[in-house]
Structure formats: C-alpha cells, structure tokens
Amino acid sequence: MTFLSFMSQAMAEARAAAQRGEVPIGAVVVRAGEVIAAAGNRTRELCDPTAHAEVLAIRAACQILQSERLPECDLYVTLEPCPICAGTIAAARIKRLYFGAADPKSGGTLHGARVFSHPQCHHVPEIYDGIDAEGSEALLRAFFAARR
C-alpha cells in the first residue's frame, strides 16, 4: 500500500488562515483516502480560544459523519497539536495523527504536556511527525516575522 499524504491540503488551509490574520495552522480529517473536513485557525475571527484548526476540522467531520467519534479517520495538521487539540484528538478517537512542524514551546503530543502519555488519556493515535515540516515552519516564520 502506498502512503498518500494530505498535508498539501492542510497547508492550503494554513495559508488561508494566514490571509485572514490567523496563526497559519491548517488541519484535514481523512477517511478511506477522502477528505471529510478541513479547517484553518479561526480563534480571532470567532473570538473563540478553542477555534483551533484541529478542533474545527474534527467538529465538522463529526457533524458530517453524525458521530462523536472518528475511529476510522486520520488527521493531518501543519503543526504539532497543543494540549487542547491533543485532548480533542483523543476524545474523537482519531486513528492516526500526521503533523508537520514540531512545537517544543506549546506542543501537547511529543513535547510539553504530552497528553497521550498520561494514564488518563483513553485513546492514543498512531503519530507520524515531520510531514512537510520545512514548509510548515517556513509559513509560521514568515507570518510572525511580518508582525514584528
């Protein structure tokens, strides 16, 4: 079986978020090789600190599939999920998590809180990191450099 990455779609969502003035993070939920939902950050637009790309994409996929759990779905996200998003990924029972850039400062999966390593975490997805990390990092660097 050949690996097919959906990180380019997540990057497109991240670029769209940057154009809206949001931190450029994008996420895509995939089931059986088909994109179910996609989103970019909208925390400022929605005045909602939980409107992270991952949370929005998972919410949309749950609505579309009419289920609070997504055990047959994969999530592609441009940046390592924070603790809020990692908790949402666990609650949704996402099968596989693919992410681009690591986030040593605010990450919640392989860095920082390491949500999936806690015994209170009821589900741990397979995790694959570094998928187009350079592209994700470059987009984030350019976004923040323009604001300094």
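Strands β1 and β2 form a hairpin with two residues between them, and A32 in the turn has a positive phi of about 50 degrees. Strands here are DSSP runs of E with at least two residues, helices are runs of H or I with at least four residues, and both are numbered from the N terminus. This is a predicted model, in which local features need pLDDT of at least 70 and side-chain atom pairs count only at pLDDT 80 or more, while totals for chains, interfaces and linings use all residues. Residues are numbered from 1 along each chain as its sequence is written, and side-chain values use heavy atoms, with hydrogens and water left out.

- Six bridges link β1 and β2 in the antiparallel sense, and G26 stands opposite G40 in β2.
- Strand β1 also pairs with β3 in the antiparallel sense, over five bridges; A27 has V77 in β3 as its bridge partner.
- Strands β3 (residues 73-79) and β4 (residues 96-101) run parallel and are joined by five bridges, with Y98 in β4 as the bridge partner of Y76.
- Five of the six residues of β1 are buried, so that this strand is mostly covered; buried means under 20% relative accessible area, exposed over 50%, and partly exposed in between, for a 1.4 Å probe and protein chains only.

**Helices**

- In helix α4 (residues 83-92), the buried residues are C85, A86, I89, A90 and A92, and they pack against α3, β3 and β4.
- A142 is found in helix α5 (residues 133-145) and is partly exposed, at 48% relative accessibility.
- A142 and P24 are 118 residues apart in sequence, and their C-alpha atoms are 9.8 Å apart in space.

**Positive phi in loops**

- Q66, in the loop between α3 and β3, has a positive phi of about 55 degrees although it is not a glycine; Q66 is exposed, with a relative accessible area of 65%.

**The largest pocket**

- The largest pocket holds about 380 Å³ of space; a volume is the space filled by probe spheres set on grid points, which are joined across faces, edges and corners.
- A pocket is an open set of points on a 1 Å grid over the protein atoms alone, where a 1.4 Å probe fits, with protein on both sides within 12 Å along at least five of seven lines; lining residues have an atom within 4 Å of a point.
- Of the 17 lining residues, V23, I25, L79, D103 and S106 lie nearest the centre of the largest pocket.
- The lining has ten nonpolar, three polar and four charged residues; Ala, Val, Leu, Ile, Met, Phe, Trp, Tyr, Cys and Pro count as nonpolar, Asp, Glu, Lys and Arg as charged, and the others, Gly among them, as polar.

Key:
Two strands pair if DSSP finds at least two bridges between them. Contact means heavy atoms within 4.5 Å.
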